[in-house]
Amino acid sequence: MKPETIAPASIQYFSLAQLYVSDLNPRQDADPEGIDLLADSLAMIGLIQNLSGTVDADGRVGIVAGGRRLRAIARAARHRDESPRVQR
């Protein structure tokens, strides 16, 4: 049997507005409290594991692995945008 080589997936960057939870994502429902905790963790530590998705016909990316992380990223971004800013 001839060994086959699998090429590593490339990392691509997309804006948050282009991402959505795909119907293929196994976690369609997420506990809001758990998402809040994950959002706090992401804000303090950052993203440790990448999201995985597929690009659809409209050029948007359906996230198939990382639906909870996507929800938490969106929540952390909203919280950051709503937080009062101090200007000096």
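Biologist: What makes β2 and β3 a hairpin?

Modeller: Keep in mind that this is a predicted model. Here β2 and β3 form a hairpin with five residues between them, and they run antiparallel, with four bridges. In the turn sits G59, which has a positive phi of about 85°.

Biologist: How do you know that β2 and β3 really count as paired?

Modeller: Pairing takes at least two bridges between the strands. Strand β2 (residues 52-55) and β3 have four bridges, so they count as paired. One of the contacts is T54, whose bridge partner in β3 is G62.

Biologist: And why are β1 and β3 called a pair?

Modeller: The cut-off is at least two bridges, and β1 (residues 19-21) and β3 (residues 61-65) have three, so they pair too. This time the sense is parallel, and L19 stands opposite V61 in β3.

Biologist: OK, on to single residues. Why is I48 called exposed?

Modeller: I48 has a relative accessible area of 75%. Exposed means over 50%, so I48 gets that label. You'll find I48 in the loop between α1 (32-45) and β2. Together with M44 and I45, I48 makes a nonpolar surface patch of about 420 Å².

Biologist: Why is G34 called buried, then?

Modeller: Its relative accessible area is 16%, and buried means under 20%, so G34 is buried. G34 lies in helix α1. From G34 to A72 it's 38 residues in sequence, and 8.8 Å in space, C-alpha to C-alpha.

Definitions and conventions: Residues are numbered from 1 along each chain as its sequence is written. This is a predicted model: local features need pLDDT of at least 70, side-chain atom pairs count only at pLDDT 80 or more; totals for chains, interfaces and linings use all residues. Side-chain values use heavy atoms; hydrogens and water are left out. Helices (H or I, at least four residues) and strands (E, at least two) are DSSP runs, numbered from the N terminus. Patches are made of residues with over 30% relative accessible area and no salt bridge: like charges are joined within 9 Å, nonpolar side chains (Val, Leu, Ile, Met, Phe, Trp, Tyr) within 5 Å. Accessible areas come from the Shrake-Rupley method with a 1.4 Å probe; for residues, only the protein chains shown count as cover. A salt bridge is a side-chain nitrogen of Lys or Arg within 4 Å of a carboxyl oxygen of Asp or Glu. Buried means under 20% relative accessible area, exposed over 50%, partly exposed in between (1.4 Å probe, protein chains only).
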